Amino acid sequence: MSNIIIILLGTSMLYVFAASRIEAYVKILALQGTLLFLLVVVDIKEINWLNIAFLIVETLIIKTIVIPYFLLKVIRKNEIGREIEPYISQFYSVLIASAIFMFGFVAAFWAAKTNAGIKPLYFGISIVLIVASLFLIVNRKRIITHILCYMMLENGIFLLSLSVANEMPMLVNIGVLLDLFVGIFLFVIFFNKIQEMYDGNHIDVLTELKD
Amino acid sequence: MISIVLFIPVLFGVISLIVKNKIVNRIALLGTAIVYILITIAQWLNIQWYILPNWLISYFQFDSIGIFFFSVMTIVFASVSVYSLFYFKAHNLNAKQESIYTIEILLFVTAMTGVILSTHLALLWVFVEATTLTSAILIYFEKKKSSLEAAWKYVFICSIGIALAFVGIILLSIGSRSINSLYFNDLYNRAAEINPFWLKVSFAFIFVGLGTKIGIAPIHAWLPDAHSEAPSPVSALLSGTLLNSALLGLIRVQEILIHAHLESFSNFLFLLTGFLSIMVSAVFMLRLKNYKRMLAYSSIENMGIIFIGISLGKFGVFAVMLHILAHSLSKASLFLTSGNILHLYKSKKIDDVNGLLKKDPRTGWLWIASTLAIIGMPPFPVFLSKFLIVKALWLSGLSWLAIPFFIFLIIITFGMGGTVFKMAFGEVSPEQPEDQRLGFSAYAPQLVLLFILLIIGINMPQQMFTLLNNAAGFFH
C-alpha cells in the first residue's frame with residue numbers, strides 16, 4: 001500500500017514537469033500533502049499519540065489545506081495563468097526528469113543493498129522529489145513557481161525523514177514546522193511586493209543589483 | 001540565565017509591539033543590550049544559575065565556545081542598538097516603523113542566541129532558519145526596489161541552502177542509528193559508531209547549507225546584495241553576528257568529524273572554499289562602485305580566512321577565534337560608519353563621496369581607522385590573527401599556500417585602501433556644507449569598538465586571552 005502511495009508521489013512530480021498552468025501546480029501540492037498524510041496513516045507503528053497528532057496536523061492541515069489554499073488565493077488575486085517559457089524547454093525538461101527518476105531508482109536499489117536501515121523506495125523517491133524541485137527552481141522563471149517548488153522540496157525532505165525511523169524531539173518538530181510556515185508566509189509577502197513594484201513577476205525583472 | 005537571554009528580547013519585543021511608543025522602543029533596544037552585557041559579564045565570571053523548566057534545560061547550554069560567540073554578539077549588538085538611536089533620528093521614522101525595526105532586531109538577536117546556545121543539531125537548524133526569516137524583513141526595511149530584490153534573494157537562497165542542510169541532518173541520523181540522538185554531546189562521545197560514508201555525505205550537505213548562510217564562495221550570491229541594501233546598523237549585525245552564528249553551527253558539526261577522525265575530508269573542503277572566497281573577493285574588490293558592497297566582499301574575504309584557519313586544525317584555532325572577534329568588531333564599526341557616510345552624501349556610490357575628512361572629520365577618521373583595523377594594520381588584532389594563520393600554514397606544512405594567500409590579501413588591501421582614501425581625502429563639492437556634526441550616537445559605538453580592538457591588539461587582557469583560549473579549546 002505504502003509503495004503505491006510513494007509511486008503516486010513520484011508521478012505527481014513528473015506531472016509538474018509537463019504542466020504549465022500554475023493552478024495545476026497548487027493542486028499537485030495539495031495532492032502531495034494528501035499522499036503524505038495517507039503515508040503517515042498507513043505507516044503508523046507507534047503508540048505516542050502526541051507524535052501522531054502532530055504528523056496529522058502537519059500533513060493534513062498545513063501541507064494539504066492551509067498552504068495550498070493560501071497560495072491559490074494569491075495566484076487568483078494576481079491573475080497568474082501560465083508559466084512563461086522556461087530556460088530549458090518543456091521537452092528537454094521531461095527528459096531530464098526521467099534522468100532524475102532513473103537516478104532516484106538507482107539510489108533506491110543501492111539503499112536496499114546497504115545495511116543502513118532505510119526504506120529503499122522512500123529514500124529513492126524523496127531524492128527524486130528533492131532534486132527535481134531544485135531543478136525546477138533553477139529552470140522556471142515565475143517567482144510563484146519558485147515558492148511552489150520550495151514547498152515540493154520540503155515535501156521531499158519530509159518523505160526523506162519518514163524513510164528514517166529515528167525521531168526528532170517534539171520541540172524540534174514544532175520549530176521546523178513553524179519555520180516552514182513563517183517562511184511561506186514571508187515568501188508570499190515579498191512576492192506580493194515584487195508584483196506591486198515591478199511590472200512582471202518573474203525573476204528576469206530582478207536586475208537592480210549586480211557588480 | 002539562559003531563560004533570561006532567550007525570553008527578555010522576546011518580552012521587550014512584545015511590549016514594543018503593543019505600546020508602539022518611541023521611548024518604549026528605545027528602552028526595549030537598550031534594555032536588552034544592557035541585559036545581554038550583564039549576562040556576558042556573569043558568564044565571564046562563571047556565575048551560573050538555572051531557572052529553566054526541566055524539559056528545556058537539555059536543549060540549551062553555555063559552553064566555552066558558546067560564551068565566546070555570545071560575547072562577540074553582545075558587543076556588536078550593544079553598539080548597534082546605540083547606533084540605532086541615530087538611525088531613528090536620521091531617517092525620521094514614525095513610532096510604528098521604529099517598533100517594527102525594534103521587534104525584528106530583538107527577534108533576530110533571539111534567534112542568533114538560540115543558534116549559539118543549542119545543544120541539539122536539529123534545534124540549531126531551526127534557529128538558523130529563524131535568523132533568515134527575522135532578518136529578511138530588516139533587509140527590506142527601507143522599502144526600496146533594490147532592497148526588495150536583495151531581501152527576496154536573501155530569503156530564498158538561504159532557505160534553499162538551509163533546506164539542504166536539513167537533508168544533511170537526516171542523512172546524519174541515518175548514519176548514526178545506533179546512537180539515535182542528535183545531541184552534540186552524544187554525537188561527539190560516540191562519533192566512532194557513526195558510519196563514515198553517511199557522515200561524509202551529511203557533512204557535505206550541511207557544509208553547503210550553512211556555508212550559504214556564512215556567505216562562503218561560490219555560494220555567496222546573496223551576501224553583497226543583502227549587506228548593501230539593509231539599513232547600516234542591520235548590515236553591521238548581519239556581518240558581525242549572523243555570519244558568526246552560522247559559522248558556529250558549522251564548527252560544531254566539524255567537531256563531529258574530528259571526533260570520528262574524518263577531519264581530512266572536511267579540512268579539504270574548508271581550505272578549498274576558503275581560498276576560493278579570498279579569490280572571489282580579490283577579483284571583485286578592484287572593480288566595485290558601491291562602498292557598502294565593498295564591505296560585504298570584505299566579509300566574504302574574512303570568512304574565507306577563517307575557513308582556512310579552521311582547515312589547519314589545532315594549529316589555527318586560536319587564530320580563528322581571534323580573527324572572528326577582530327573581524328566582527330572592525331566590520332561592525334565599518335558598517336556603522338558607512339551609515340554616517342550614507343547620511344552625509346545620500347549615495348552609496350564611491351564616485352559620489354569625496355572629501356569626507358572635510359565634510360565631517362569625525363566620520364572620516366573613524367572610516368580610516370576602521371579600514372586600517374580590517375585590513376590588518378598593527379596594532380589592530382586582525383594583523384595578529386592573519387599572522388598566526390600564516391604561521392599555522394607553515395606549521396602544517398602548507399607553507400607554499402602562503403604565497404597565493406599574500407597575493408590575494410595584497411590585492412584586497414590595495415583595492416579597499418585605495419577606495420577608502422579616495423573617499424576620505426579630496427575636496428568637498430562647493431555647494432555642500434563642511435564640518436557637519438551627526439550627534440553622539442553616530443560616533444560613540446564605533447569609538448568603543450575601535451577602543452576594544454586597540455586594547456586587544458596592544459595588550460590583550462588576561463580575561464580575554466582565557467576566553468579565546470577556552471573557545472579554541474573546544475577543538476580536539
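With 11 C-beta neighbours inside 10 Å, B:Lys143 counts as exposed, where a residue is called exposed if 12 or fewer other C-beta atoms lie within 10 Å of its own, buried if 20 or more do, and partly exposed in between, the C-beta atoms being placed from the backbone. B:Lys143 lies in the loop between α6 and α7 of chain B, and its phi is near 55°, a positive value in a residue other than glycine. This is a predicted model, in which local features need pLDDT of at least 70 and side-chain atom pairs count only at pLDDT 80 or more, while totals for chains, interfaces and linings use all residues. Residues are numbered from 1 along each chain as its sequence is written, and chains are lettered from A and ligands numbered from 1 in the order in which they are written.

**Chain B as a whole**

Chain B has 20 helices and zero strands; helices (H or I, at least four residues) and strands (E, at least two) are DSSP runs, numbered from the N terminus. The C-alpha trace of chain B spans about 75 × 55 × 45 Å along its principal axes. A compact globule with 476 residues would have a radius of gyration near 23 Å, and the 21 Å of chain B agrees with this; the radius is taken over C-alpha atoms, and the globule rule is 2.2 Å times the number of residues to the power 0.38. Of the 476 residues in chain B, 58% are buried. Among contacts in chain B between residues at least 6 apart in sequence, 82% join residues at least 24 apart, a contact being a pair of residues whose C-beta atoms, placed from the backbone, lie within 7 Å.

**Backbone features in the loops**

Most residues other than glycine have a negative phi, and most peptide bonds are trans. B:His261 lies in the loop between α11 (232–259) and α12 (263–285) of chain B, and with 10 C-beta neighbours inside 10 Å it counts as exposed.

| Cis peptide bond | Omega |
|---|---|
| B:Ala217 to B:Pro218 | about 0° |
| B:Pro378 to B:Pro379 | about 5° |

B:Pro218 is found in the loop between α9 (196–214) and α10 (222–229) of chain B, whereas B:Pro379 is found in the loop between α16 (361–375) and α17 (381–395) of chain B.

The 15 residues of α17(B) should span 21 Å at 1.5 Å a residue, and its end C-alpha atoms are 21 Å apart, which agrees; the expected span is 1.5 Å times one less than the number of residues. In α17(B), the buried residues include B:Pro381, B:Val382, B:Ser385, B:Lys386, B:Leu388, B:Ile389, B:Ala392 and B:Leu393. They cover an arc of only 160° around the axis, which puts them on the same side of α17(B), the arc being that of the directions from the helix axis to the C-beta atoms. The cover over the buried residues of α17(B) includes α13, α14, α16, α18 (402–424) and α19 of chain B. Just after α17(B), B:Gly397 takes a positive phi of about 75°.

Helix α13 (residues 291–311) of chain B holds B:Ile305, which is buried, with 28 other C-beta atoms within 10 Å. Not counting residues up to four places away in sequence, B:Ile305 touches B:Gly274, B:Ile278, B:His323, B:Lys386 and B:Ile389. B:Ile305 and B:Ile324 are 19 residues apart in sequence and 9.6 Å apart in space, C-alpha to C-alpha.

For helix α19 (residues 444–458) of chain B, the 15 residues should likewise span 21 Å at 1.5 Å a residue, in agreement with end C-alpha atoms 21 Å apart. The buried residues of α19(B) are B:Pro445, B:Gln446, B:Leu449, B:Leu450, B:Leu453, B:Ile456 and B:Gly457. They cover an arc of only 125° around the axis, which puts them on the same side of α19(B). The exposed residues B:Phe451 and B:Ile458 are carried by the face of α19(B) turned away from its buried side. What covers the buried residues of α19(B) includes α4 (64–90), α14 (317–345), α16, α17 and α20 (462–472) of chain B.

**The contact with chain A**

The contact takes 35 residues from chain B and 31 residues from chain A. On the side of chain B that touches chain A, α6 (121–139) and α7 (145–175) of chain B each supply at least two residues, and α7(B) gives the most, with 17 residues. The residues of this side of chain B divide into 22 nonpolar, six polar and seven charged, where Ala, Val, Leu, Ile, Met, Phe, Trp, Tyr, Cys and Pro count as nonpolar, Asp, Glu, Lys and Arg as charged, and the others, Gly among them, as polar.

Definitions and conventions
Two residues are in contact if their C-beta atoms, placed from the backbone, lie within 7 Å.
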